[in-house]
There are 2 protein chains.
Amino acid sequence: MPKVGMEPVRRQQLIDATIESVATNGLQGTTINSISKNAGLSSGIISHYFGGKQGLIEATVRYLLTSLKQDLIGKVNHQTNATERLMFIIEANFALVQQRNDTTRTWLSFWAQSMHDEELHRLQNVNSKRLQSNLAFSFKQLMPIEQANQAAELSAAMIDGLWLRAVLSKSDNNQFKHCEKLAKSYVLSLIKQYGA
Amino acid sequence: MPKVGMEPVRRQQLIDATIESVATNGLQGTTINSISKNAGLSSGIISHYFGGKQGLIEATVRYLLTSLKQDLIGKVNHQTNATERLMFIIEANFALVQQRNDTTRTWLSFWAQSMHDEELHRLQNVNSKRLQSNLAFSFKQLMPIEQANQAAELSAAMIDGLWLRAVLSKSDNNQFKHCEKLAKSYVLSLIKQYGA
DNA sequence: TTATCTTTATTGAACGTTCAATTAATAAAA
DNA sequence: TTTTATTAATTGAACGTTCAATAAAGATAA
């Protein structure tokens, strides 16, 4: 059965299977068996490639964070203006949902666990601060620095709040699209309010 | 050791111990042993009073929901005006934090789990919808119904978002106070914007 | 080309641990 | 004495990890 050069393939297979299992069974219900079964591989392979269950969990979170980051990078370029950039940030934060419906539940599980897992908490902070500083960067081109920072804090909370409530109510894609629109119009209203 | 009429005392003891354990160890790390140890009781007592671990978990969530509800009821009376009532709703939603620092983490754990537990999800929906309809009720006295509903949806998201970000960044009470102020001024700005 | 050696990839059973639940025993109060 | 309250001991299932075995692929040498 074995072929050479399987490592990257298997790693991705196991990460995908982890997202799937956490979305379906929760972090509590996710075992090395549920993951390896989803991936169509044996349980031992997890320790082989990730050192253990914990290593795979952390690799999965890192993968999700990278996906979010890449999504935004793919949308903007050097001639994107500040307002457009703000809209792209919002789109990126709601985009993972549209690609894979199971991703949102998985995120929430990981964030809850980050309260009791140092490495997950570190990763969560990177994500949370990146959202706010990305927003602040663009707001600063549209208003004074103090207002910009305040606008970034409020926008980040609004985005996360809309997202959280949509996830918890097990919303469909339409509902997420609705939340994306609300977030965008809130950011636009902040620009009108404080904009120079 | 046994005394008569211990039931309500023991139940509360075990619920308090559950909040404590979930805050410290997370829902994953919470066992009937960690709970009973916190309560200074034996593990068997959990099955006796709650039928099992799951029953105790659900009773704990119901207790938290009731506390939140009572907190709001205690603040308002028949001569509270709409704007005051909105401020009290926000205060109540941030108040549990101040009383007990460990409560917020516990909430987040429960909400994450609600994605994979029918009864918890039902309770979560009650809470989520109550916040929004409480907000809508007061907004309707200050603006047209359509704007009131929109304001309620946005305010609920803002409150939950500020709360979520504060919890995840392991904020102290000052940070929560700051978030409470932001939420209040956001609601006031909505009243100014749409208010008749 | 064939035979041998080495590395890479993978499995699945065995092990020790942890957990929730149950049971039997016990102690106080009625 | 009977009932209520509680503990301590026990059970069996489920879990993550480890590890010996194996199989294919690639490399080397005859």
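Analyst: On a 1 Å grid over the protein atoms alone, a cavity is a set of points where a 1.4 Å probe fits but cannot get out, and its lining residues have an atom within 4 Å of a point. Here Val61(B), Leu64(B), Leu65(B), Trp107(B), Phe110(B) and Trp111(B) line the second largest cavity. The elements giving two or more residues to that lining are α4 (53–75) and α6 of chain B, where helices are DSSP runs (H or I, at least four residues) numbered from the N terminus. This is a predicted model, in which local features need pLDDT of at least 70 and side-chain atom pairs count only at pLDDT 80 or more, while totals for chains, interfaces and linings use all residues. Residues are numbered from 1 along each chain as its sequence is written, chains are lettered from A in the order in which they are written, and side-chain values use heavy atoms, leaving out hydrogens and water.

User: Which residues lie nearest the centre of the largest cavity?

Analyst: Of the 14 residues that line the largest cavity, Leu27(A), Ala112(A), Gln113(A), Ala112(B) and Gln113(B) lie nearest its centre. By class, its lining has 4 nonpolar, 10 polar and no charged residues, whereas the lining of the second largest cavity has 6 nonpolar, no polar and no charged residues. In this scheme Ala, Val, Leu, Ile, Met, Phe, Trp, Tyr, Cys and Pro count as nonpolar, Asp, Glu, Lys and Arg as charged, and the others, Gly among them, as polar.

User: How is the size of an interface given, and what is the area buried between chain A and chain B?

Analyst: The size is often given as the accessible area lost when the parts come together. Between chain A and chain B the buried area (accessible area lost, 1.4 Å probe, summed over both parts) is about 3400 Å², of which carbon and sulfur atoms give 61%.

User: Which side chains meet in a salt bridge?

Analyst: A salt bridge is a side-chain nitrogen of Lys or Arg within 4 Å of a carboxyl oxygen of Asp or Glu. The count between chain A and chain B is 2 salt bridges, and in one of them the side chains of Arg165(A) and Asp160(B) meet at 2.5 Å, N to O.

Definitions and conventions: Buried area is the accessible area (1.4 Å probe) that two parts lose on being put together, summed over both. On a 1 Å grid over the protein atoms alone, a cavity is a set of points where a 1.4 Å probe fits but cannot get out, and a pocket is an open set with protein on both sides within 12 Å along at least five of seven lines; lining residues have an atom within 4 Å of a point.
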